[in-house]
Amino acid sequence: MGVPDDTAPAPALHPFLRDRWSTRLFDANHRLDDGALAQLLEAARWSPSAGNSQPWAFLVTRRGDAAHRRFVATLSRGNTSWVPAASAVLVSAYRAGDDEDPSLTYSDYAAYDLGQSVAHLTVQAQSMGLHVHQFAGFDHDAVTEAFAVPPAWKVTTGIAIGRRLDDISGADPSLREREERPRVRKEFAEFVFGERFGEPVVLD
Ligand SMILES: Cc1cc2nc3c(=O)[nH]c(=O)nc-3n(C[C@H](O)[C@H](O)[C@H](O)COP(=O)(O)O)c2cc1C
C-alpha cells in the first residue's frame with residue numbers, strides 16, 4: 001500500500017503528473033506568448049464544475065506589464081524572491097456570493113471548482129513544457145482593490161507560469177536549496193479510508 005518512496009511520485013504516474021513540481025527557479029528571459037496563455041486558459045475553461053456553473057475568473061498579468069507591476073507590489077516577502085521572474089502570473093478568483101447580495105453563498109462547490117480548473121491548467125502547462133507554481137502569499141485585499149474585483153468574488157491564489165531555468169548554477173542559493181529539498185507526502189493510510197473514516201482501505 002502507498003507509494004514506495006515518499007520523496008518522489010510513483011514512476012507509473014502519467015509523466016505530466018509525475019514530473020510536475022512547484023519550481024521557484026523561473027527563467028526571467030522566457031516570454032509566454034498569448035497563444036500559449038490562451039491554451040492554458042482553455043484547459044481551465046473546459047474543466048468540470050457543479051451544475052456547469054464555471055464560477056472562476058482569472059486576472060492575467062504578464063511580466064513587464066502594468067498589471068504585473070501592480071500585482072508584484074502585493075507579494076508577501078517570501079514570494080518576492082521568485083514570483084517576479086515567472087513569465088506570467090494569473091490571479092484566480094471564485095464567485096463566492098450573489099451579485100445582488102454578496103453575503104448569500106453562490107455555490108457550496110465554487111472553491112472546489114476553481115481549484116479543479118487550475119489543476120487542469122497545471123497539467124496542460126506541464127504538457128507544454130511549462131512550469132506552474134501556485135501561491136497564496138500576497139495581499140488579497142490589496143489585489144481586490146487594485147483590480148476592482150467585485151464583492152461577490154473571492155481572490156484566491158496567484159498562479160506563476162513560465163519556463164524553469166535550464167542552468168540553475170547561478171541562481172540564488174537559498175532558492176536552489178529549497179528546490180532541492182525532498183518532496184514529501186502523507187501515506188495513503190492517513191487519507192484513504194474504507195469501512196469508516198480513519199480506517200485505512202486495503203489495496204492489493
Ligand atoms: C493554495 C496554495 C497556496 C500556496 N502558497 C504558496 C506560497 O505562498 N508560497 C510558495 O512558495 N508556495 C506556495 N504553494 C506551493 C506549495 O507549497 C506546494 O504546492 C507544496 O509544497 C507541494 O509542492 P509541489 O507543488 O512542488 O509538489 C501553495 C500552493 C497552493 C496550492
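Trainee: Which residue in β2 is the bridge partner of Phe58?

Mentor: This is a predicted model, in which local features need pLDDT of at least 70 and side-chain atom pairs count only at pLDDT 80 or more, while totals for chains, interfaces and linings use all residues. Residues are numbered from 1 along each chain as its sequence is written, and side-chain values use heavy atoms, with hydrogens and water left out. Strand β1 (residues 56-62) runs antiparallel to β2, with 7 bridges joining them; two strands pair if DSSP finds at least two bridges between them. In β2, the partner of Phe58 is Ser92.

Trainee: What pattern does the protein follow along the sequence?

Mentor: Helices (H or I, at least four residues) and strands (E, at least two) are DSSP runs, numbered from the N terminus. The protein has 6 helices and 4 strands. Read along the sequence, their pattern is α-α-β-α-β-α-β-α-β-α.

Trainee: How many residues of β2 are buried?

Mentor: Buried means under 20% relative accessible area, exposed means over 50%, and partly exposed lies in between (1.4 Å probe, protein chains only). On one side of β2, Ala88, Leu90, Ser92 and Tyr94 are buried, and on the other Val89, Val91, Ala93 and Arg95 are buried too. Strand β2 is therefore largely enclosed by the rest of the structure, with a buried count of 8 of the 8 residues.

Trainee: Which residue in β4 stands opposite Tyr94?

Mentor: Strand β2 (residues 88-95) pairs with β4 in the antiparallel sense over 7 bridges. Within β4, the residue opposite Tyr94 is Lys154.

Trainee: Which residue in β4 is the bridge partner of Gln134?

Mentor: Strand β3 (residues 131-135) runs antiparallel to β4, and 5 bridges join them. Strand β4 (residues 153-162) has 8 of its 10 residues buried, so the rest of the structure largely encloses it. The partner of Gln134 in β4 is Ile159.

Trainee: What is the radius of gyration of the protein?

Mentor: This value is taken over C-alpha atoms, and the globule rule is 2.2 Å times the number of residues to the power 0.38. The C-alpha atoms fill a box of roughly 50 × 50 × 30 Å along the principal axes. With 204 residues, a compact globule would come near 17 Å, which agrees with the value for the protein, 19 Å.

Trainee: Of contacts between residues at least 6 apart in sequence, what percentage join residues at least 24 apart?

Mentor: Contact means heavy atoms within 4.5 Å. Among contacts between residues at least 6 apart in sequence, the percentage joining residues at least 24 apart is 76%.

Trainee: How far apart in space are Arg181 and Thr7, C-alpha to C-alpha?

Mentor: Arg181 sits in the segment after α6 (173-180). Arg181 is partly exposed, at a relative accessible area of 45%. Arg181 and Thr7 are 174 residues apart in sequence, and their C-alpha distance is 9.2 Å.

Trainee: Is Asn52 buried or exposed?

Mentor: Asn52 lies in the loop between α2 (34-45) and β1. Its phi is positive, about 55°, although Asn52 is not a glycine. Most residues other than glycine have a negative phi. With a relative accessible area of 53%, Asn52 is exposed.

Trainee: What is the relative accessible area of Ala148?

Mentor: Ala148 is in the loop between α5 (140-146) and β4. Phi of Ala148 is near 55°, a positive value in a residue other than glycine. Ala148 is exposed, and its relative accessible area is 64%.
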